[in-house]
Structures are given as C-alpha cells and as structure tokens.
Amino acid sequence: MSETQANTYKIIGVVAVIGLLIWALTGLELTGFQPTTWILTKAMISGLFHPDWAYVYIPEGEDLLRSLLETLSISYLGNFVSAIVCLPFAFWAAANMSKYRAVSGTGKLFLSIVRTIPEIIMALIFIKAVGPNAYAGVMALGLHSVGMLGKLYAEAIENMDMGPTEAMTAVGANFWQRMSFAVIPQVIPDFISYTLYRFEINVRSATLLGVIGAGGIGTPLIFALNARQWPRVGIILIGIIVTVSIIDYISGTLRKRIV
C-alpha cells in the first residue's frame, strides 16, 4: 500500500467517525432542565463534600463498615465458588487437552454463553429464587465468573509447555499422573493470578448488584440516593473508592510476585 492510499484511508476514517458523531448528536432531544435542577445540584455537591462521618460505624445498626464487609464477602465467596466450579470446564475448553477440536469447541461455546449473561440479569433471576439478599449476589457473581475464569484458565492451559506432558506419556504415566506432575504445576500460577484479577472485578460488580437488592454496599447507596441524603451518599462513595483502591493495590502486588 502506497503512502497516498494510506493517507486516503485515514481521511475516510476520520470523516466517517465525525459523520457518525454528528448523526448521533442530532438524534438527541434536549427538552431543557427542570426548575429544581440547580437547587438539587447545589445540595448534592454540598452533601458530597460534607460526608456523613457518623455513618462509618453505628454500634446498634447498619453502617458503612458492615455494608463494605458484606460486599467483600459476596465478592470473595462468588470468586471462590467460580474458581473451583470452572476448573472442569476450563480443561474441557482447552484445545490441547482433547484430540478432537469439536470437544474443546463445545466447551468454549458453553463458557461464551455463560459469560454473555450480565451479572445484573443473573442477580435478578436469583432474587426471584432466594429473595433480595446477599445469597443472590453470591450466586450471580459465582455463575457469571465461571464463564470468565473458565475462558482465562483455558487459555493458560493452552499456552503451557507440552514438553513435560509428552515426556511423562512416553514413560507410561497415566492421565492423573500427567495432570498432577506436568499440567497442574505449570498452570497454578496463572490460575491464581486470574483469580485475584477476577476478585478485583467482582468487588465492583457486587457494589452494582446491591443496587437491585442483591446485598452489599449498593443497597444503602440506592436508599440514600432515593432519599436524597447526599452526605450519606458522599461517605458511601468514599468508602467504595478506598476499598476498591486497596483491593486493586493488594491484588496487583500479589499478581506481580506470583507471575
């Protein structure tokens, strides 16, 4: 491809992007602001910058620390369940674990179907089954994470060195011996790293699931928003930011040492 053709394609791409933006913006209808918009905005900003510190810990009732602990518990349990359950599906989907491509293909298809269903949809389904509580959040995160972790685990299995496995096969080792001494030791570091990474994501997801009643910090957050208790919203957001930042830092540090 010549330089002139490359420049032409770039110009066409830029024009296409600008055209799409203009087309999308022209479809938006701005009907104006409500009369109380600026009053609510001022109250919200004032509340967010003056958080309700008394809500951090309330000995006799629900508070920020208890809600954050419940969120972390939901994330941890969902992550733990999915890390165990997805193992057979990961080996099923790994292309180098089967002689037939159709076998690994069906495994990949199954994991794709599971992870295409959003956590919030799964949570709504489980809320109908077990009620609006933390159990629904755990099951929703656990099931959705099976699809995500299964895919990552399968990729780790496919990328491992097959030399040790072939050597053990040559000396007459059976399937379980090959798994125990050639496969598992290679993929365990990647499995742990992916599990920690998924835990970071689950902490954020658990916050969102609480908004629809699946337990965690999202439940008091949506109550505070509906009641327009902006100081409480501010302290809850601070708690979420601090918790997620600490989890990200610890998880990132551990993953660097493992891998």
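## Classes of residue

In this report Ala, Val, Leu, Ile, Met, Phe, Trp, Tyr, Cys and Pro count as nonpolar, Asp, Glu, Lys and Arg count as charged, and the others, Gly among them, count as polar. The structure described here is a predicted model.

## The second largest pocket

By these classes, the lining of the second largest pocket has 5 nonpolar, 3 polar and 2 charged residues, and the volume of this pocket is about 180 Å³. Among the lining residues are T165, E166 and T169, together with R178, M179 and V183.

## The largest pocket

The largest pocket has a volume of about 230 Å³, and of the 13 residues that line it, N79, F80, A83, Y153 and T195 lie nearest its centre. Both α3 (64–93) and α8 supply at least two residues to this lining, which by class has 11 nonpolar, 2 polar and no charged residues.

## Two buried residues

A182 is found in helix α8, which covers residues 175–211, and because its relative accessibility is 2%, under the 20% limit, A182 counts as buried. Leaving out residues up to four places away in sequence, A182 touches P164, T165, M168 and Q177; the C-alpha atoms of A182 and M168, which are 14 residues apart along the chain, are separated by 7.7 Å.

S145 has its place in helix α6 (residues 134–158), and S145 too is buried, with a relative accessible area of 0%. Apart from neighbours within four places in sequence, S145 is in contact with S82, G150, R198 and N202.

Definitions and conventions
Residues numbered from 1 in each chain as written. Predicted model: local features only at pLDDT ≥ 70, side-chain atom pairs only at ≥ 80, totals over all residues. Heavy atoms only, no water. Helix = DSSP H or I, 4+ residues; strand = E, 2+ residues; numbered from the N terminus. Buried < 20%, exposed > 50% of the residue type's maximum accessible area, 1.4 Å probe, protein only. Contact = heavy atoms within 4.5 Å. 1 Å grid on protein atoms, 1.4 Å probe; cavity = no way out; pocket = protein on both sides within 12 Å on 5 of 7 lines; lining within 4 Å. Points joined across faces, edges and corners; volume = space filled by probe spheres on them.
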